[in-house]
Amino acid sequence: MIENDDERLIAQFFQEHKMEIPDDGFTRRVSRRLPRRTRNLSRLWTMLCSCAGVVLFLLIDGIDSLRLALGNVAGDLIGAFSSFSITGMTPVVVFVAVITLLSVTVSNLLSAE
């Protein structure tokens, strides 16, 4: 309770003593004075690394590896869904599970505020 009061008082203090500082084009002037060479080198470096990544991806046959990995993931998901069985669940078990999930959700929402 003390922390909430402290936080409220701090927020109220800063709200009451809020100062607006006019920009007057300061940000634009600073941006214009930054060296162009640095931006150009950054763009060139990004493009060079991207091209190197694409070339390496193609050289190590990344397309086939990606296709194989996605196929394995899809197969695993299909297998997981096909093995799901609800024969042991009674309506009471489902009801208790839903009530538990709802109560945990409400508790988390209330504690977050």
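A residue is called buried under 20% relative accessible area, exposed over 50% and partly exposed in between (1.4 Å probe, protein chains only). The model is predicted, so local features need pLDDT of at least 70 and side-chain atom pairs pLDDT 80 or more, while totals for chains, interfaces and linings use all residues. Residues are numbered from 1 along each chain as its sequence is written, and side-chain values use heavy atoms, without hydrogens or water.

**Cysteines of the model, with zero disulfides counted.** A disulfide requires two cysteine sulfur atoms within 2.5 Å. For Cys 49, the closest cysteine sulfur belongs to Cys 51 and lies 9.5 Å away, so the distance is too far for a bond. Seen from Cys 51, the closest cysteine sulfur is that of Cys 49, again at 9.5 Å. Cys 49 is partly exposed at 38% relative accessible area, and Cys 51 is partly exposed at 45%.

**Helix α3, residues 36–59, and the residue Asp 61 just after it.** Helices are DSSP runs of H or I with at least four residues, and strands are E runs of at least two, numbered from the N terminus. Helix α3 has 24 residues and reaches 35 Å from its first C-alpha to its last. This is close to the 34 Å expected at 1.5 Å a residue, where the expected span is 1.5 Å times one less than the number of residues. Asp 61 lies in the loop between α3 and α4. Its phi is positive, about 60°, although Asp 61 is not a glycine. Asp 61 is partly exposed, with 44% relative accessible area.

**The loop between α1 (2–16) and α2 (26–33), with Asp 24.** Asp 24 also has a positive phi, near 50°, in a residue other than glycine. At 61% relative accessibility, this aspartate counts as exposed.

**The one salt bridge found in the whole structure.** A salt bridge is a side-chain nitrogen of Lys or Arg within 4 Å of a carboxyl oxygen of Asp or Glu. Asp 64 pairs with Arg 67, and the closest N and O atoms are 2.7 Å apart. The two residues are three apart in helix α4 (residues 62–82), so about one helical turn separates them. Asp 64 is partly exposed at 34%, whereas Arg 67 is exposed at 56%.

**The one aromatic pair of the structure.** The ring centres of Phe 13 and Phe 14 are 5.5 Å apart and the ring planes stand at 70°, so the pair is edge-to-face. Rings of Phe, Tyr and Trp (its six-membered ring) pair with centres within 6.5 Å; planes under 30 degrees apart are stacked, over 60 edge-to-face and the rest tilted. Phe 13 is partly exposed at 43%, and Phe 14 is exposed at 55%.

**A nonpolar surface patch of about 1,100 Å².** The residues that make the patch include Phe 84, Ile 86, Met 89, Phe 95, Ile 99 and Leu 102. Patch members have over 30% relative accessible area and no salt bridge; like charges are joined within 9 Å, and nonpolar side chains (Val, Leu, Ile, Met, Phe, Trp, Tyr) within 5 Å. Areas come from the Shrake-Rupley method with a 1.4 Å probe, and for residues only the protein chains shown count as cover. Leu 102 is placed in helix α5 (residues 91–112) and counts as exposed at 51% relative accessibility.
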